[in-house]
Amino acid sequence: MSTAIKKVAVCGAGGTMGAGIALVAARGGFETVCFDLSSERLEQQSAAAAKFFDKAIARGKMDQAQRDAALARMSNTSDLNDLADCDLVIEAIFENLEVKRELFTKLNGICKPETIFASNTSTLSITQIAGGCGREDKVVGMHFCLPAQVMKLIEMSRGINTSDETFNNAWAWTETAGQIPVETQDKPGFILNALLVPFNNDVIRAIEAGLASAEDIDIAIRTGLGYKMGPCTLLDLIGLDTQVLLGEAFYPITLDTRASVPPLLRRMVAAGKLGNKSGEGFLTAEVAPKAESCLSYEVIGKTGRSFPDGDHPLAAGSVIHGDVRIYTGTCFEVNADKAAIAVELDTECLGVYTGELGDEATANVVGFARYRNGSEAPSNLIELVYKPHTKPAAIAAARAVFEVAGFDVVLCNDLPGRIVDRLVRPKYNDALRFVDEGLASPADMDKTCCMGLGYPVGPVGRAVAGGLARHYCVSKAIYDMTGQPGYAPARAAVVEHQRSQA
Ligand SMILES: NC(=O)c1ccc[n+]([C@@H]2O[C@H](COP(=O)([O-])OP(=O)(O)OC[C@H]3O[C@@H](n4cnc5c(N)ncnc54)[C@H](O)[C@@H]3O)[C@@H](O)[C@H]2O)c1
């Protein structure tokens, strides 16, 4: 697609997002006017732009002439009148409805009638930002990802009054600028943040509940799901104060309790622990090296969900009378003589075997599950489950057996869904519900998550690959134990479950 847009202005170009968007526009060949109230910030960003393009030369992405031309296309101003002849104005100023509305109303009186106004808002409504500005049909949502100069994805949305012509012209510009647009609706958080904000809050609530350490949550999500970055690393990067603002913006609009700010998050911010920017966030501990030796062990039952046929890395080392006993896919008996007994879990809690209160006879019993998305091949992750009365020596003995066999082991309390399913099932339900609500197509939902968040497979694709009927069973099991609406299986999963029962 080609574009008639030649000259672009970026408002808030002295800020994090605006600076990156200006780089995208200039790199894409457009004359780029960088506008900000702070001329000091604009100067800082000009220096950063030169460095960014220098690095691009070093990485072989552009040559000296292209770098010089890109920089020459950029100009700075703190005078709105300099935006008069721009074809497209992208605003990335403070996230405040009144401030954004005021900017577009002023610009309406300055810019030529055909200029398109785009907003990079993360949480506000495009329709509301456009309301009363005088050219509501020419306002469009254009949500870049951080850092804009690196991330290709743009979530594009129409306000109620946005014309097709405006939307199509803005879409064509993003493609010409080398970006990848996806279409979504004018709803809080579009696709990316609508999925991410509640998910990140779930992670914080899991830490608060004592489910697992932040370090183990990151390992579980990376190893179990293949995400490039663990959620606690991402939270520390986003900034915990920013996560508070996102929750405060989303919850009043969506009334989704998962979006509301978790008490632990508020306490962290009050304590000055904001993540990377303050030097301390959720991740604090070094991850201990894996065990290099373990006690002898015996495997009872050769196959289970964790070890489908032909895939039992522990089988070769199994002896007749081992110090540690591992039950896979079979019934279990207490035996106080064993250093540890590890019983394979499906969706049930360990308490089913030990009793909820536990006693001395079951103090050597732990649960385990090798994470597996439905019928897909198992991952390398072992979630090791303990109760308050479990002896630390039993946990260590079982852990060593799995680590020596090459698994990544994380410890978690005996709470529904353990780490991975507890965190990921609500996200799959959200994604499936969003498809039903017309927020985006399944393909765009997944593309957004893969491109914007580095997931290897998007949530819809993952839920489908594992089997929607299995998703139903896991989600329903957690829902029955917690009563939390996020686990109520989405319609598509209910339908597939019904089909599997027919
Ligand atoms: N930070 C992110 O991860 C992210 C991602 C996507 C979208 N966004 C959205 O981008 C926008 C900007 O966020 P940010 O994180 O870059 O903020 P920021 O605070 O880093 O930058 C905002 C910039 O806007 C300038 N500014 C404020 N009011 C202005 C006005 N009236 N006219 C001109 N300039 C003005 C400020 O001087 C500042 O340089 C927000 O709408 C935010 O929701 C942020």
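**View A. Strands β13 and β14 of the predicted model, paired side by side.** L381 stands opposite D408, a residue of β14. Strand β13 covers residues 381-386 and runs parallel to β14, with six bridges joining the two. Helix α8, residues 214-225, packs on the sheet and touches both β13 and β14. The direction of α8 makes about 125° with that of β14.

**View B. Helix α13 against the sheet.** Helix α13 is formed by residues 392-404 and packs on the sheet. The strands it touches are β9, β10 (324-327), β11 (340-344), β12 (365-370), β13 and β14. Between the direction of α13 and that of β13 the angle is about 170°.

**View C. The open sheet of six strands.** The strand order is β9-β10-β11-β12-β13-β14, and the pairing is mixed. At the edges are β9 (297-300) and β14 (408-413), each of which pairs on one side only. On average, neighbouring strands of this sheet are turned by 25° against each other, direction ignored.

**View D. Strand β4 between its partners β1 and β5.** Strand β1, residues 7-11, runs parallel to β4 and is joined to it by four bridges. Within this pair, C11 has E91 of β4 as its bridge partner. Four bridges also link β4 to strand β5 (residues 116-119), again in the parallel sense. Here the bridge partner of I90 is A118 in β5. From β4 the chain passes through helix α4, residues 97-110, to reach β5, and this β-α-β crossover is right-handed.

**View E. Side chains of strand β4.** In a regular strand, side chains alternate between the two faces of the sheet. Strand β4 spans residues 88-91; L88 and I90 point one way, whereas V89 and E91 point the other way. All four of these residues are buried, the charged E91 among them.

**View F. Helix α16 and its surroundings.** Helix α16 runs over residues 459-466, and its buried residues are P459, V460, R462, A463 and V464. An α-helix has 3.6 residues a turn, so residues three or four places apart point the same way. After α16 comes G467, which has a positive phi, near 100°.

Conventions: Residues numbered from 1 in each chain as written. Predicted model: local features only at pLDDT ≥ 70, side-chain atom pairs only at ≥ 80, totals over all residues. Buried ≥ 20, exposed ≤ 12 C-beta atoms within 10 Å, placed from the backbone. Pairing = 2+ DSSP bridges. Right-handed = clockwise from strand over helix to strand, strands pointing away. Axes fitted to C-alpha atoms, helices over the stretch in contact; angles between N-to-C directions. Contact = placed C-beta atoms within 7 Å.
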